[in-house]
Amino acid sequence: MFNLLYKNVSRYIALSEEEFSQFSAPFKLKSFKKKDAVLKEGDYCLFEGFVLNGCFKVYYLNEAGFEQTLYFAEEGWWITDIDSLINDVPSILNIEALMDSEILVISKKDKQYLYETMPQIEKLFRIMNQQSSVALQRRILSLTGKTADKRYLEFLQKYPGLEQKLTQQQVASYLGITHEFLSKIRKKVSLEK
């Protein structure tokens, strides 16, 4: 159960077996069925989750009431509402399972305890937060500076094979376009191949 988490952590820091055991001890396994909410807008986010299998979408409802997907989290990804978690404010995000899925969850309190008892864990999450900031910056630049066609091609690169598991509406929500416009882009891309 912890093999994937160990591989993920090992990308950033080295932990002995004993240290990894201490690190992983507070994590709890949570299972979700398709369409189950992990977090709802208005709730307080009190956890970070590491995806073992399945897929989640992290989204919010814009002022017009339409879903805007920030990202999809597949195996090996982390999910949370960092603003709610850190600033102790109600979440504006929703996190939903797109299929039967499992995550390892660590509470804010347990994570803080690890920071205090294992200094290398603070380094781990600092590096991961830096990587998240880079991804967020790239996502913003893509949404504000690239055509929908280019965003679609980037989506296919970033999430290989995921398009077949998602509805057209979910892909369109991620791209910030209507599903009708997505149909036109798909047609155009298939003709160019």
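The chat below turns to a helix and then to a sheet.

Q: What should I know about the model before reading numbers off it?
A: This is a predicted model, in which local features need pLDDT of at least 70 and side-chain atom pairs count only at pLDDT 80 or more, while totals for chains, interfaces and linings use all residues. Residues are numbered from 1 along each chain as its sequence is written, and side-chain values use heavy atoms, with hydrogens and water left out.

Q: Which residues of helix α4 are buried?
A: In α4 (residues 108-117) they are Lys111, Leu114 and Tyr115, where buried means under 20% relative accessible area, exposed over 50%, and partly exposed in between, with a 1.4 Å probe and protein chains only. Helices (H or I, at least four residues) and strands (E, at least two) are DSSP runs, numbered from the N terminus.

Q: Why are they on the same side of α4?
A: Because they cover an arc of only 105° around the axis, taken from the directions from the helix axis to the C-beta atoms.

Q: And which exposed residues does the face turned away carry?
A: That face of α4 carries Lys109, Tyr113 and Glu116.

Q: What covers the buried side?
A: The cover of the buried residues of α4 includes α2 (17-24), β3 (47-53), β8 (101-107) and α5 (119-145), with contact meaning heavy atoms within 4.5 Å.

Q: Switching to the sheet, what is the strand order?
A: The open sheet of four strands runs β2-β7-β4-β5 with antiparallel pairing, where two strands pair if DSSP finds at least two bridges between them. The edge strands, each pairing on one side only, are β2 (37-39) and β5 (67-74).

Q: Which residue does Leu39 stand opposite?
A: Leu39 stands opposite Ile95 in β7.
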